[in-house]
Every structure is written in structure tokens, then in C-alpha cells.
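Here are a few notes to read alongside the structure. Have it open and find each residue as we go.

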Amino acid sequence: MDLIQKIIARAKSNKQRIVLPEAEEERTLTAADMVLRDDIADIILIGNPEKVHALAEEKGLKNISKATLIDPLHCEKSEEYATLLAELRKKKGMTIEQARELVKNPLYLGCMIIKTGDADGQISGALSTTGETLRPALQIIKTQPGITCVSGAMLLLTKKPEYGENGVLVVGDVAVTPMPDANQLSQIAVCTAQTARSVAGFDNPRVAMLSFSTKGSATHEVVDKVIEATRLAREMDPTLKIDGELQADAALVPSVGKKKAPGSDIAGNANVLVYPNLEVGNISYKLVQRLGDAVAIGPILQGIARPVNDLSRGCSVDDIYYLVAITACQAMDAK
């Protein structure tokens, strides 16, 4: 069973309630139909009921009737949600009138549904920007305890079973924080290991903090940042198996790791890679994807108290389908 099938099987084993606030979008509705057909998650659709039903009929989608469909303009709990939102944002000056308008926005409404315990996660981005997806999540759901830095992990499925976890690597940050400081980088490390457990199913995440230096082979302030981030990550999670600073070959290749970092339990044995900044992360995963013919799944947003994930506006139906399963797996561990 490949990783995708394992993720789907785990999602099926403990069904979660996933909000799709872009229900009037064709790819989203088609993916929702597939999820419901395969019994992967319980789906909450937000959209105009007439438009959703018409699109479902036009596309021959037979399973949409199994979803909970909420009209954002006529939601029974609108006033409850608006009252809570105004309370959450009162220090920012939000009035009840402003809150009433915001909960008509499907992205805000979805996050309020999660906040009040009526759903477990949300996916948007087929129509919305990353900022539009993240803003309500950070205002309403907020970050995990002890986490201030949201980041994005990627699953890399390579054809090199000798590396990572039978060829699978979890890497971060590839999507959100351009120049993390040492504290933010330590949070990215802890969160990426958590994603490795909850989504990739790693029983034993082994985190390598990457740099252009291995154990003092070079000196520079950016190397110092990685060393400090490694120390802080150990303080955040004393059970975490982590080491750094390590070059990529020292992290992945046993013979190189033994030579460059003798005595390290992680060197040559890493299955989670943490990049020193977003530029490095984004470039490197795309090179591995294109030149190494790896499958890249993500980004998977991490650090939010309940999972809210962001799609590319160029996403496929399958992308949405798989991300529902991934979000469901995240939600299991977020409770």
C-alpha cells in the first residue's frame, strides 16, 4: 500500500468533519462527491443551495446529498457565530455589525464552525488566495499552544527507497515564512515532525536541521541560527529526535553522515528535513520534484490549532480529494 492509500485508509478509520467553503466551485464539488462516495470524511459544504444543487445535477454528482449544506447568507447559527467573533476580535475594535457581515463570508463562516466544535478542519484556495485562507484561520482558530509561526510542509515521494522512510521525506518550510529566526525555525522543526507522524504515518520522525555546514565545518551567522534553532526545538519537545546543523548529504547518506557527523543518530538516517529558510525550501523541493521525478504532495499548513489547508488555484480534483484525507489525518491528532 503506497503512502496516499495509507493516508486515505487512516482517514476512513476515524471520519472527520471537513468544511469546503467553496462549494459553488466545480472542482471542489466534484472532489466532495468523490470523498462522500468513498466514505473518507463527513463533508460540510458552504454555498448557495440552488447553485450547488444545480451544479451537482449538471455534473451528475450522485453523492452530494450526503453532505451538510449551509447557505452562508441564511445560516441558523449566524447570530451565535457573529457574537463569538465579535468577542474574539473586540480588542481589535470589531463591532457586532462587522462580525455579522464577516460570518456571511464562507471562509470566516467555516472557521467559526470549527471554532465552535461543529467541524474538524477546512480546505480552501481553489478560488481564494493564501492570504484569504489564512486570515480567518489565524483570527479565529489561532495557532497551536506554544506556536506563533505558521509553516508549510511537503511530502516528497521519491524513487530512492534507501533514503528517508522507504523513499518518503517530509520537508518544511516550503510555503509560508520567508526568513524564520531561530525561534520560528525551531517551531517549524517541531511542527514538521508532527506532520510526519499525523499525515505520513512516521512512527519515528528523525529531524535534520539543514545548512551548508555540518557540525562546525563552516562558520557564519546563518549557521549559528540553525544551531540555536536545534537547541530550542529540543527544549520545546525533549522527546524529539533532532540534530543539526547538517548538510543534506550528511543528513541522508549513511556513509557521509558517519564521516561528517560521527556519533549522530540522525546523520545519514533523517526522514524529516527542515530548511534554513523558505527560499531554500521552495527551490529545493521543486528541483527534487522535476529533476528527481519525485511526487510532491502539499503544501500542508501546520501550526494552526485546527487544520486549515490551502489549495493552489490551479489545483485538480484529485488534489482536493487527497487534501481532504490529509486534513482529516491532521484533525485526528489536533484533538
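**Notes on cysteines, cores and a helix pair**

1. Let's start with C329. It has a relative accessibility of 0%, so it counts as buried. Keep in mind that this is a predicted model.

2. Does C329 have a bonding partner, or is it too far from one? Its sulfur sits 17 Å from the closest cysteine sulfur, the one in C191, and that is too far for a bond. A disulfide, after all, is a covalent bond between the sulfur atoms of two cysteines.

3. C75 is in none either: its nearest cysteine sulfur belongs to C111, 14 Å away. C75 also counts as buried, because its relative accessibility is 14% and the cut-off for buried is under 20%.

4. Now for the nonpolar cores. The largest has 64 residues, and the ones touching the most other members are I43, L45, I64, L155, V207 and M209. Helix α13 (residues 317-334) gives the most to this core, with eight residues.

5. Take a look around M209. Beyond its neighbours within four places in sequence, M209 is in contact with residues including L185, A189, V226, I242 and V274. Another core, of 28 residues, lies apart from the largest one; L85, C111, V150 and V308 are among its members.

6. Last, how do helices α4 and α6 cross? The axes of α4 (residues 78-88) and α6 (residues 106-115) come within 10 Å and cross at roughly 90°, which makes α4 roughly perpendicular to α6. Y81, L84, L85 and L88 in α4 meet Y108, L109, M112, I113 and K115 in α6. By class, that contact has eight nonpolar residues, one charged and no polar.

Methods:
Residues numbered from 1 in each chain as written. Predicted model: local features only at pLDDT ≥ 70, side-chain atom pairs only at ≥ 80, totals over all residues. Heavy atoms only, no water. Axes fitted to C-alpha atoms, helices over the stretch in contact; angles between N-to-C directions. Helix = DSSP H or I, 4+ residues; strand = E, 2+ residues; numbered from the N terminus. Parallel < 35°, antiparallel > 145°, perpendicular 65-115°, else oblique. Contact = heavy atoms within 4.5 Å. Nonpolar A, V, L, I, M, F, W, Y, C, P; charged D, E, K, R; others polar. Disulfide = S-S within 2.5 Å. Buried < 20%, exposed > 50% of the residue type's maximum accessible area, 1.4 Å probe, protein only. Core = buried A, V, L, I, M, F, W, Y, C linked by side-chain atoms within 4.5 Å.
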